[in-house]
Amino acid sequence: MSQYFSLAIGCGSQNRDDQWLEAFFPNPLLHPDADLVSSIADEVDYQGGNFSVELNHRQVAKVAREWREAGFEREASYAIALQESSRPVVLVILASDEAPQSTPEAYLKLHLLSHRLVKPNSINLSGMYALLPNVAWTNEGAIDLDELAEHQLMARLDGRILSVNSVDKFPKMTDYVVPEGVRIADSARVRLGAYIGDGTTIMHEGFCNFNAGTEGPGMIEGRISAGVFVGKGSDIGGGASTMGTLSGGGNIVISLGENCLLGANSGTGIPLGDRCTIESGLYITAGTKVEVLDDQGNSVETVKARQLASQHDLLFRRNSQSGRVECLTNKSATQLNEDLHKHN
Ligand SMILES: CC(C)(COP(=O)(O)OP(=O)(O)OC[C@H]1O[C@@H](n2cnc3c(N)ncnc32)[C@H](O)[C@@H]1OP(=O)(O)O)[C@@H](O)C(=O)NCCC(=O)NCCS
């Protein structure tokens, strides 16, 4: 394996103080060939460690030439394209997976996730929020919020309307990469840094945060919170929720195994194993008291839901007569998921 963690060359946007607002990397590399680094180290003054640098036109041309001569055609072709950039060009070399130290480094890590080069929860994103400025994402690109009013006025004077699509630290993923084999009905609902697996459909009501996602195939009509990963063949029904760990005190990282179903408007605050179903409208939290039933419907024991975390073949429902939350063996999960595959 390469001695380096990642390398990418791209272009981005800066504010008037030359601070980065965002960066776009068309071809991020995981564990790049060491020669990609050594062939340009002198030119970009790379001394080792994790490093990001803005390159001038002459340096970009030199990097392109060095890579071509070293036989890295694909990487060279991206560098050649960047020679024409009217936007600042940036090179990031990550010797190791440390906490990011700059905006371009943080963006590279988000790209690695959305390009499916790394899985959610597998890389170090500590301190990332402080490195991601809150930005106006407009039809004319990223604009610093302090400079927005002036840009809006200038656009109007020019007979144009500057449309602000969102004000956020994260842009939408599809403006940076559209991974193969996905359908995303409303692209604004998937942030850069989401990992959307092959065969995933995200309907209008679905949402996927950064450092979260699906293995695919799957059907997502509810929310995938930061840190949550959804296994193959699982279905998150309309308005369903997976509990996040970013706010509200929850600290269990939620995941769903394969062939699970979160019914419409249901939710989970515990990780689920394979072939689990939560009845429509039922929200299971870690402390929810659950009556475990045997195959005859007799009560076996009462447990807190966290004790059932990650177990397979469970069906959770709220008894519509007694109001208690029950857990049974899930007998219909396979059937549900055959349907899912057929329609995906
Ligand atoms: C929980 C769920 C999976 C159960 O469905 P199911 O396994 O097909 O079960 P059934 O509806 O056939 O019910 C089986 C039995 O359990 C009973 N039952 C079902 N839900 C019950 C409840 N909440 N309380 C008490 N009894 C219940 C039924 O009356 C039936 O009883 P019977 O054997 O005496 O006839 C289903 O109700 C559900 O919520 N599906 C989610 C679908 C969804 O939201 N998809 C996403 C769309 S966006």
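In the predicted model, strand E27, spanning residues 325–329, is mostly covered, with 4 of its 5 residues buried. Strand E27 has two pairing partners among those described here, strand E24 (residues 289–293) and strand E26 (residues 314–318). The pairing of E24 with E27 is parallel and rests on 3 bridges; within it, valine 292 is bridged to cysteine 327. The pairing of E26 with E27 is antiparallel and extends over 5 bridges, one of which links leucine 314 to threonine 329. E26 and E27 form a hairpin with 6 residues between the strands. In this hairpin, glycine 323 adopts a positive phi near 85°.

Helix H4 comprises residues 73–83, and its buried residues are Glu75, Ala76, Ala79 and Leu82. These residues lie on the same side of H4, because they cover an arc of only 120° around the axis. The elements that cover the buried residues of H4 include both strands and helices. Among the strands are E1 (6–14), E3 (29–30) and E5 (89–94), and among the helices are H1 (34–38) and H3 (57–69).

Four strands make up an open sheet in the order E10-E13-E16-E19, and their pairing is parallel. Strand E10 (194–196) and strand E19 (255–256) form the edges, each pairing on one side only. Inside this order, strand E13 (residues 212–214) is joined to strand E16 (residues 229–230) by 2 bridges in the parallel sense. Glycine 213 has phenylalanine 229 of E16 as its bridge partner.

In the loop between strand E12 (207–208) and E13 lies asparagine 211, which has a positive phi of about 55° although it is not a glycine. Asparagine 211 has a relative accessibility of 11% and therefore counts as buried, the cut-off being under 20%. The loop between E13 and strand E14 (218–220) holds proline 217. The peptide bond leading from glycine 216 to proline 217 is cis, with omega near 0°.

A further positive phi, of about 65°, occurs at aspartate 18, again a residue other than glycine. Aspartate 18 is located in the loop between E1 and strand E2 (20–24). With a relative accessible area of 55%, aspartate 18 is exposed, since the cut-off for exposure is over 50%.

Conventions. Residues are numbered from 1 along each chain as its sequence is written. This is a predicted model: local features need pLDDT of at least 70, side-chain atom pairs count only at pLDDT 80 or more; totals for chains, interfaces and linings use all residues. Side-chain values use heavy atoms; hydrogens and water are left out. Buried means under 20% relative accessible area, exposed over 50%, partly exposed in between (1.4 Å probe, protein chains only). Two strands pair if DSSP finds at least two bridges between them. The arc is that of the directions from the helix axis to the C-beta atoms. Contact means heavy atoms within 4.5 Å.
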